[in-house]
Amino acid sequence: MITLNLQTAGGRTAFAPGERVEGTASWFSDEGVRSLDVRLFWYTDRGGAQDTGVVGSEVIEAPGSQGSRSFAFTLPQKPLSYSGRLFDIRWALELVALPSGEAARADLVVSPTGRPLEPPG
């Protein structure tokens with residue numbers, strides 16, 4: 001069994017472009033975990049097809065059976081979170097245990113308004 005958790009500083013989920021996303025990754029495992037990968041990425045949701053862009057990744061080698069580690073990523077200026085009629089752009093943090101591939105995810109919004117942008121009218 002592997003238990004993974006991601007927590008942003010202050011529990012924030014909305015960030016402006018260029019801001020730092022800081023937080024803590026924690027884990028407990030009674031299985032062998034070779035490494036953990038904390039990733040910041042965006043992805044598009046188009047009803048099946050998906051594009052993804054990894055903005056940053058921090059690898060934790062030989063993490064042991066339990067522990068925690070802080071992480072920090074600086075957000076780029078683009079793409080912004082978007083909720084449209086044809087597709088969405090979403091942001092997330094992910095903690096992935098290797099080799100099992102088990103993961104924990106924390107959804108984020110990257111926008112000057114704190115909400116996903118929407119198409120006009």
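Strands, as named in these legends, are DSSP runs of E with at least two residues, numbered from the N terminus, and the model shown in every view is a predicted one.

**View 1. The loop between β5 and β6 holds A62, a residue with a positive phi.** The loop that contains A62 runs between β5 (52-61) and β6. The phi angle of A62 is near 45°, a positive value in a residue other than glycine. With a relative accessibility of 65%, A62 counts as exposed, because the cut-off for that class is over 50%.

**View 2. Three strands, β1, β3 and β6, form an open sheet with antiparallel pairing.** The order across this sheet is β1-β3-β6, and its edge strands, β1 (2-8) and β6 (66-74), each pair on one side only. From one strand to the next, the twist averages 20°. Strands of a sheet pair through backbone hydrogen bonds, in either a parallel or an antiparallel sense. Between β1 and strand β3 (residues 20-29), the antiparallel pairing extends over seven bridges, and within β3 it is T24 that stands opposite Q7.

**View 3. The largest nonpolar core has 23 residues.** The residues with the most contacts inside this core are L4, L6, L36, V38, F71 and L93, and at least two residues of the core are supplied by each of β1, β3, β4, β6, β8 (88-98) and β9 (103-110). When residues up to four places away in sequence are not counted, L4 touches S26, W27, L36 and L95, together with A97, E102, A103 and A104.

**View 4. T44 is a buried residue in strand β4.** Strand β4 covers residues 35-45, and T44 has its place there. The relative accessible area of T44 is 4%, so this residue counts as buried, the cut-off being under 20%. Leaving aside neighbours within four places in sequence, T44 is in contact with A49, Q50 and D51, and also with D88 and I89.

How values were computed: Residues numbered from 1 in each chain as written. Predicted model: local features only at pLDDT ≥ 70, side-chain atom pairs only at ≥ 80, totals over all residues. Heavy atoms only, no water. Helix = DSSP H or I, 4+ residues; strand = E, 2+ residues; numbered from the N terminus. Buried < 20%, exposed > 50% of the residue type's maximum accessible area, 1.4 Å probe, protein only. Contact = heavy atoms within 4.5 Å. Pairing = 2+ DSSP bridges. Axes fitted to C-alpha atoms, helices over the stretch in contact; angles between N-to-C directions. Core = buried A, V, L, I, M, F, W, Y, C linked by side-chain atoms within 4.5 Å.
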